[in-house]
Amino acid sequence: MSTRTSRRRTRLAIRYFDDRIVLTESHAWAYFRVPTVSYEFLTDAQREALATNLTVALAAIRMADAEVHLRIAHRSYPAAEWATGLHATSDDGPGWVPYLDEMYRQVWAKDFWTKEVYLGVRLGQRGVRAQLAGGLLAQFGSVSRAGEQVLGLEDDAVPTAEVGKWTDQAERVGRALAASALAARHASAAEIGWLFRHAVAGPLGDQAPSATARRRWGLGEIEALVEGEIHNGRTMLRMVQSDGESWTSFLSFARFPDVMYFPDGEPWLHYADSLPFPVEASLRMRLIPPARASRDVSRRLAHARDMDVHIREAGADLPLALAEQIEAARMLEHGITKERLPFVYGWHRLAVTAPDRDLCVRRAEAVIEHYRDIGIDVVNSTGDQLSLFAESLPGEKVRLASYLQRQPLYTIAGGMPTATVDLGDRADGAGGWVGPYIGETVGRARSVVQFDPLVAAARNRPTAVAITGEPGGGKTTLALLLILQMALRGVTVAVIDPKGDAESLVRWLTERGRRARVLPLGSAAAGLLDPFSFGDDLAERRTMAAETLRLLLPSMSEERESAMIQAVGAVAAGDRPSLGKVVEHLEAASDPASKNLGAVLRSMSEMRLARLCFAPSGGDRIDAQGWTTVFTLAGLTLPDVTLQREDYSYEQRLSVALLYLVSQFARRLLNGIDRRLPKAIVLDEAWAVTSTPQGAKLIPEVSRMGRSRNTALILISQNAGDLLNEQVTNSLSAVFAFRSTDRSEVANVMSLLGVEASEEHQAVLRSLGNGECVFRDLDGRAGRIAIDLISDELRQRLDTNPTRSAADRAPVAAPEPVVAPEPVVAPEPVVAPEPVVAPEPVAPVPVPDQPAAQPERPAPAQTAPGTGWPGGIGWPGATRAAAPRASAPPGVVPRQADHPPSP
């Protein structure tokens, strides 16, 4: 690294780093990666508890003259790496690669970034030479080093014994931080190296990682990380690299309000995340012991009180600002004395980067005005930009003493440095992979959201997913999007679609060569849904038969229920049992209760669609493997969700019973497929099933089966209350809640999401727009997201509004009902895929230490080695550009996605 303002080569303080320690000329450091936490949809009490836990965790760093470095960086989202890993979980069948290509272009063009938080802890001072460098004899040390350089005697090698000494100490600190609320882990050498590269690369994108996995870095290798020129300007730096130049401006926190309220006020560090461009932070802090801090605060309080006395003697009123200072000092003195927490002397900096000077100026101005809105002064440190750049590097010391802030430790924790809006799948070592792109967050900040219902099985978690909301909010569209993404990756999907919304999706899949079909049960084989024909054993068949009859005849008397159970048992013991034979057995009985019950069931068996379960079954089976099978029940009359079961009409009772049987049929259909292959059951109008005792048991049963048989279960319901059965809620791994306005329904949605039903949270749910929902992911994080269908064609095909999608609502030709339908003609038959998404056979693609570069400039025409798809599939450049956000402040410019790099 060189500068144009200095004739001599700038010398970095760092000399060595590995997976545990960072050594500079004078001190030893240990850096830790701190996981981020979801901040949205937390109550004030939860946020206050989070800040308290962070305060206690930082206070646990009890070292003499403790110094910490809190570094918040933003890494460009590795779209190419994600797409390559997702491709490995597919069967590489027809239609998948073009869709993945379109998803990749959309994610790349939106230029997402991810927040990473690092905490550096100074372990101590190195040997005699370090003391010379930092003490009174520093000038003699400089002369000595200059002489060594002239004679060629300089040796920057670090002795092995010293490395071991500091490593042991770093391990002790690491164990304490890992057990605290921070849950920090040691930052790897690759992550420390990225912090150096990222500091000089800026918006040019992350540089390519090393060809070999390095665990130790020496001085020469470290200097290569920051290779380039840095031109020191008055208000910003110009970074010149081999592939372009960028501009960086460093800002300092100059003044905070005397009293900062939390959690009522804004978390001042997380507050920067609401800007639509990344704002990075570097906080250098010294933790002052309580005794020394108490003396400093006492002097400050005594000075304020003296001013108060003089003002009162002059007969003037006490200024409000002085009164606030006295109150703040008293609170600080009480907190330090009572809680014995360290005090913080800190130098807090922000940094913004841009590809050109004017944009960097506008972004810096936007940050200054942004913080002015909450009463915090942020200034551009003129003439000190290079010093602030050096401060942001790991292991460096404070080089600019200006803008010192004296604050209680709770103020730092109340800034919420670890808060984030990240949602969806994440690769964190817990297993699984990162699923397809479904949208982005729309809360305080913007972040990519990816979700795959099958990731839960890979992580040994329940596999049920709930989608709820009022009509027109977008829940069916989301369900169709999930079906499409799974079908294109080779997942076997069974969809129970009473309304016929999935017919246009089936047409779209068949046009792209995927095996998809619609089975209208109104014209299907007689007896196809007879519970005696598809139960796993006799006991299960009897249970399903009894439950079906109970759904058809609610509120039965004891005599009629006893007659029904005896008839089911008698028929089950005979040859080729069926519900039709149960009716005949009741009609032939001598007692009046049985005859009466048989007459009622005979009347119901003659109703439309009743032959599906009452006619004798021929034992037909449908081949499901590799298919997307949509079961439709045209003309099904489902009762309103507010209607009591006792008030159902006979037609509504039959509809509920058929929906229960078809869900059981789909479950049995998928049970016959290899347990390792990915499968999914999608159940629309799930309330009709979960509102029954036997149907409610189906959900945990399929969810438990999902973990062992690699099967996801997606439940769609307008009424969240019907999903609040304890057996159902314990089986849910993710929840999508679209707009709800009814008071009782809003409370039920809050319970389903597992968030506090505060007025603020309920208002958010009521104000959601079309296509927006509250999402609770597999890790329990909740936030608002907007579903992104990425293309106008998909929006048209997946639109369930009949006034807008009439052209796509033409009926799909159905196969013959009795025999197994033939596959739809496709370009070529799809061979049953290998087990690609099961936990054992498919592991997520290893994430390299450094993600693939994502430059702002057009990629070269040739594909770089190692960036092509498996099998030699290459991606040409795209022409999609992201649209600017309407609420963007000055200096916000969308990423120019002229040509995304080929992953």
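How many nonpolar, polar and charged residues are in the lining of the largest cavity? By class, this lining has 10 nonpolar, six polar and five charged residues. Ala, Val, Leu, Ile, Met, Phe, Trp, Tyr, Cys and Pro count as nonpolar, Asp, Glu, Lys and Arg as charged, and the others, Gly among them, as polar.

The model is predicted: local features need pLDDT of at least 70, side-chain atom pairs count only at pLDDT 80 or more, and totals for chains, interfaces and linings use all residues. Residues are numbered from 1 along each chain as its sequence is written, and side-chain values use heavy atoms, without hydrogens or water.

The structure holds 11 cavities of 30 Å³ or more. A cavity is a set of points on a 1 Å grid over the protein atoms alone where a 1.4 Å probe fits but cannot get out; lining residues have an atom within 4 Å of a point. Points are joined across faces, edges and corners, and a volume is the space filled by probe spheres set on them.

The largest cavity has a volume of about 180 Å³. It is lined by 21 residues, of which H74, W113, D273, A445 and R446 are the closest to its centre. Strands β7 (113–125) and β17 (419–420) each supply at least two lining residues. The largest share, three residues, comes from β7. Helices (H or I, at least four residues) and strands (E, at least two) are DSSP runs, numbered from the N terminus.

The second largest cavity holds about 100 Å³ of space. Its lining divides into 11 nonpolar residues, one polar and no charged. Among them are V34, L54, V117, M285 and T418. At least two lining residues each come from α1 (44–59), β7 and α13 (409–414).

Two helix pairs were examined for packing. Helix α3 (residues 96–110) packs on α15 (residues 475–488) at about 125°, with the axes 9 Å apart. Axes are lines fitted to C-alpha atoms, for helices over the stretch in contact, and angles run from 0 to 180 degrees between N-to-C directions. The two helices are therefore oblique (under 35 degrees is roughly parallel, over 145 roughly antiparallel, 65 to 115 roughly perpendicular, the rest oblique). W96, Y99 and M103 in α3 meet L481, L484, Q485 and L488 in α15 (contact means heavy atoms within 4.5 Å). These residues divide into six nonpolar, one polar and no charged.

Helix α19 (residues 558–572) packs on α21 (residues 592–605) at about 75°, with axes 9 Å apart. This pair is therefore roughly perpendicular. The contact of α19 with α21 has five nonpolar, two polar and two charged residues.

Technical notes. 1 Å grid on protein atoms, 1.4 Å probe; cavity = no way out; pocket = protein on both sides within 12 Å on 5 of 7 lines; lining within 4 Å.
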